Amino acid sequence: MNQVKIGRFIADMRKQQNFTQREFAAALGISDKTVSKWECGNGMPELSFMQPICEILKIDLNELFAGEKLTDADYKEKAEENIITLVEEAERIKKNIVGGKVLGNANNVEMDVHEAHKTNAEFWSTIGSEFLGATALPNWGGFFPSEDKINLLGDLYGRKVLEIGCGNGHSLKYAADLGASDLWGLDISVSQIELSEQFLKKHGIHAKLICLPMEDECGLPTEYFDLVYSVYGIGWTTDLDKTFQQIHSYLRKDGIFVFGWSHPIHKCVSVENGRLIFSNSYFNENWYRAGMSNKEIMLSNRMLSTYINALAENGFVIVKLVEETDREKAMGAENDFGRKALMLPTVFAIKARKA
Ligand SMILES: C[S@@+](CC[C@H](N)C(=O)[O-])C[C@H]1O[C@@H](n2cnc3c(N)ncnc32)[C@H](O)[C@@H]1O
């Protein structure tokens, strides 16, 4: 499906009907940002919007998928092409990747903060626990080199630290074991906070734990922390700018922010019969809903530049960007995920300083 051609066609037809982007978006009950994304070729309307779009723009579905007006002569040929493309698209959509998993039935959705928080908190309060431990320090995730090897966090002794998306507290324990003196954790899931409390208490560690979405005003002290870090937590935010602004405010001058997340290129490439196949557009930052072990998650795959530009725009200076694979670990895995990690980064980590 030619997203760029379809986007241009939507823009042309909208103008022909004398609609501004805002008017067209209002008629569909969505934001003009979403319309602009479609028109720039950076995303496709989800299925439920296709019929209303056609009605408003006075075109039919075949023309929308073809990205052009069709004459009677080329109608049948285009209809068949479109069906084949749609079947291929349905296959492609199934290959949304999170961590080492290929998700089924990932559908684009309009981002709704309340829905995203509800869905993700529910996921992390139930089966999300299966993933924890695997994404706790010293592991940054996937086949990324361990913190013991790359030392992104620096000396933790006597430091005031805050973990965003602290899960069940394993990474906070890592910081405590290395001498961090003042520990704080933030997480959206009540169950994860409870698990964290129990786990840290069992190890005689005291931490202040707060159950709130990272994008919200959390009442955390400002100009206070030496280090804010997050292991596979930041990508869950519904508002990257707001999250970085908040983190910036919590840090003291020259304080450090380090986070690791799934590398966006990893999410574009699947492994089929031992070969790497480009199965998703790197530019696609649409929000999607996907089933994962009988529950659902809501996420968006942001480009690396989105993270870096958001840091720069919110008062951070990049100290280091790491895109590496621990080759020994990846070779030892003897699975598709490991084979892929030998060819491209599956995780990235950024160390930034409050300017
Ligand atoms: C992969 S886990 C992090 C694991 C954790 N770093 C550890 O070391 O065990 C991601 C965490 O982010 C939390 N999370 C998801 N969305 C969030 C949000 N909007 N605000 C705060 N936490 C969120 C989840 O509840 C989950 O505990």
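A salt bridge is a side-chain nitrogen of Lys or Arg within 4 Å of a carboxyl oxygen of Asp or Glu. I wrote that down before opening the model, which is a predicted one.

**Entry 1: salt bridges**

I looked up how many salt bridges the structure holds, and the number is 16. I picked one pair to follow. Arg22 forms a salt bridge with Asp32. The closest N and O atoms of Arg22 and Asp32 are 3.5 Å apart, and the cut-off is 4 Å, so the pair counts. Side chains of opposite charge can pair when their charged atoms come close.

I then asked where the two partners sit in the chain. Arg22 belongs to helix 2, residues 21-28, while Asp32 belongs to helix 3, residues 32-39. The two are 10 residues apart, and the pair links distant parts of the chain.

**Entry 2: backbone**

Next I went through the loops. Asn18 is in the loop between helix 1 (3-16) and helix 2. I noted its phi, near 60°, which is a positive value in a residue other than glycine.

Pro138 lies in another entry of my list, the loop between helix 7 (113-125) and helix 8 (147-150). The peptide bond running from Leu137 to Pro138 is cis, and I recorded its omega as near 10°.

**Entry 3: the ligand**

I checked contacts to nitrogen atoms of the ligand. Glu163 places a polar side-chain atom 2.8 Å from a ligand nitrogen. Gly165 has a backbone N or O atom 3.2 Å from a nitrogen of the ligand. For Ile188, a backbone N or O atom is likewise 3.2 Å from a ligand nitrogen. Taken alone, the ligand exposes 600 Å², and the protein buries 99% of that.

Last, I looked up where the ligand sits: the largest cavity.

Definitions and conventions. Residues are numbered from 1 along each chain as its sequence is written. This is a predicted model: local features need pLDDT of at least 70, side-chain atom pairs count only at pLDDT 80 or more; totals for chains, interfaces and linings use all residues. Side-chain values use heavy atoms; hydrogens and water are left out. A polar contact is a pair of N or O atoms within 3.5 Å; within protein, one must be able to donate a hydrogen and the other to accept it, and residues adjacent in sequence count only if both atoms are side-chain atoms. Accessible areas come from the Shrake-Rupley method with a 1.4 Å probe; for residues, only the protein chains shown count as cover. On a 1 Å grid over the protein atoms alone, a cavity is a set of points where a 1.4 Å probe fits but cannot get out, and a pocket is an open set with protein on both sides within 12 Å along at least five of seven lines; lining residues have an atom within 4 Å of a point. A molecule sits in a cavity or pocket if more than half of its atoms lie within 2 Å of its grid points. Helices (H or I, at least four residues) and strands (E, at least two) are DSSP runs, numbered from the N terminus.
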